[in-house]
Amino acid sequence: MSPKTVKCDLLIAGSGAAGMAAALKAASEGHSVIVAEKSQWLGGTTAISGGWAWVPGNKQGVAEGDTREEIETYIRALAEDCFKAEMVETFLDEVPEAIDWLERETDVEFVYPEMAPDYQMDVPGAKASGRAISGKMADARMLGTNRLRLRPYLDTYTVFGYMPEVGPDIGEFLHANQSWKSFVYVTKKLLKTWAETAVFRRSFDRTNGNSLMVRMVSSAAKLGIRMWTGTPVTKIVRNEHGSVTGAVLGGAQACTVEARLGVVIAAGGYSADAALRGQHWRHDPQGHNHFTPTVGHDGDNVRLAAPLGGHVDTAVHEPAAWAPVTVFTGLRGQQRIFPHLRAFGLPGLIAVNRRGERFANESSSYHDFGVAMIRDNTGADDTVGYIIADSKAMRKYGIGYAKPWPIPQGYFKKTGFLHRADTVEELADKIGVDARGLKKTLAEFNSGAARGEDPKFNRGSNWFHHFKGDMAHTPNPNLEPIDKGPYYAARIQMGDLGAYSGLAVDPHSRVLDQDDRPIPGLFAAGSAAVSIFGGGYPGYGANIGPALVFGYTIGRDAAGLARQSHGPAATETSKGA
């Protein structure tokens, strides 16, 4: 162990939504808190995410008449045989208190959109609004000296440095090459972003998950929470009675931390660990068939908890929140990843397999699309598909990272992201897809799309589909024939937004041992813990919503749980060192 010893009440591994929610609530209760972040940046994967939180039972949903029965019906349908009744009940009980506290007592502010449909609108209990909320845009100057410590955006997902928000903001960007009003709006946003970046190294306006983390880190600084970056937790320490009493830290703040109330593992899941993926993910048995855009999800949750009996809960019908990605090579030779979370729900784009056939509803959620893509590639060496577009769609919308007119296409072709050909046959040959199959697919798709219909998958049939499309496009926001050359394609592979099969925990977020008994003083939340939705993906923010809520309850309840396991001495607050 390190010769240096530091004391606190609660030690938290990871600085994303779950870790910071636990830190904020514990500190507000008068406890001393250390957040140990292994990377150089604060914010975790939350900082590069969309920043939504799926929190049914919030004040907007209640005002709109959403009921507990409807919410449970919806979650139960998505969880299938993996419904975690006690965990779901706890989550729904705690949502109102957690969200209200964050808004009332911290710098966190949420936006309650008029429309944020659940991902499976055809399932009983689904709602078009009232369950998903997002972080309000933040001015990063509120961070003071911590401003440049926050993790930057995922650059492939920005529009020339600016990160559009889902909703009206991204709608303006979608129509920037079609509407003078939208063009002016986008130009102002970009010029402001570029000017601030040139002078201050990073723009002040922070959106999506970055804005949420700006507000949480700002609040943490005000509460005196010690936030140590470049400091991995390397080992959990417990006493002779089996209670967790701290951890060994490496890196910039190498020491042994004595944590009176315990340790919270909020360092992400195991998406980036090939060996763990090989054990738990059916499409990636060799560990080389998956590419994650998450950050820090290196399996620390499993490695830290395993010596104490912690284990992965596999009682989920899908082990991760799937997201198709394009993997390409940057001009400096580095691997780059673009997650396709919205792009091919737009008119004039479809996804096909090696046979040139459509295999899923492109306007479904990225998770459900991923389920279909994995199933379609069963038995193949790798999980692949191809997004197809014609010149109309490419000029109007682009394909994800490959921007539309008037942006030149040279860079996107040179990096291998975008493929172009004058004819369907030539494109099929270039990307390795069956030409006859692709021509047949396009003929069938175009026939229905001209009428605003999709007989094969019923694409564009509900509010969620439309929300992913172009609401100004008629007769269907999601459909347009693909019939004008040249033709374009982007190769997609399987990625994720976080593992669902995380550490087994109880409703208090205590990590369970091999006999399903709580390990005193050891907690897990966020992607480090098993998903409460049983492998289903209910809506925008299905990862961040539970992370905020269970992080909050850990911070609130850690002292009480410590008293139960350690006795009255646990009431004495540590002053730190």
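This is a predicted model: local features need pLDDT of at least 70, side-chain atom pairs count only at pLDDT 80 or more; totals for chains, interfaces and linings use all residues.
Student: What makes up the lining of the second largest cavity, by class?

Tutor: One nonpolar, one polar and four charged residues. Ala, Val, Leu, Ile, Met, Phe, Trp, Tyr, Cys and Pro count as nonpolar, Asp, Glu, Lys and Arg as charged, and the others, Gly among them, as polar. The lining residues are Y162, K189, K192, T193, E196 and D205. Residues are numbered from 1 along each chain as its sequence is written, and side-chain values use heavy atoms, with hydrogens and water left out.

Student: Why is this space called a cavity?

Tutor: On a 1 Å grid over the protein atoms alone, a cavity is a set of points where a 1.4 Å probe fits but cannot get out. Lining residues have an atom within 4 Å of a point. The volume is the space filled by probe spheres set on the points, which are joined across faces, edges and corners. Here it is about 30 Å³. Helix α6 (residues 180–200) gives the most to the lining, with four residues. Helices are DSSP runs of H or I, at least four residues; strands are runs of E, at least two; both are numbered from the N terminus.

Student: How many cavities of 30 Å³ or more does the search find?

Tutor: Two, over the whole structure. Helix α16 (residues 544–566) gives the most, with three.

Student: What makes W52 and Y540 an aromatic pair, and how is it classed?

Tutor: The structure holds 30 aromatic pairs. Rings of Phe, Tyr and Trp (its six-membered ring) pair if their centres lie within 6.5 Å; planes under 30 degrees apart count as stacked, over 60 as edge-to-face and the rest as tilted. W52 and Y540 are 5.0 Å centre to centre, with 35° between the planes, so the pair is tilted. W52 lies in strand β3 and Y540 in the loop between β19 and α16, so the pair ties together parts 488 residues apart in sequence. Both residues are buried, that is, under 20% relative accessible area with a 1.4 Å probe and protein chains only (exposed is over 50%, partly exposed in between).

Student: Why is the pair of F91 and F550 called stacked?

Tutor: The ring centres are 6.1 Å apart and the planes stand at 25°, so the pair is stacked. F91 is in helix α4 and F550 in helix α16, so parts 459 residues apart in sequence are tied together. Both F91 and F550 are buried.

Student: How do you know that the charged end of R395 sits over the ring of W405?

Tutor: The rule asks for NZ of Lys or CZ of Arg within 6 Å of the ring centre and within 35 degrees of the ring normal. R395 has its charged end 4.3 Å from the centre of the W405 ring. K468 sits over the ring of F344, at 5.8 Å.

Student: What is said of the peptide bond from W405 to P406?

Tutor: It is cis, with omega near 10°. The bond joining G485 and P486 is also cis, with omega about 0°. Most peptide bonds are trans.

Technical notes
On a 1 Å grid over the protein atoms alone, a cavity is a set of points where a 1.4 Å probe fits but cannot get out, and a pocket is an open set with protein on both sides within 12 Å along at least five of seven lines; lining residues have an atom within 4 Å of a point.
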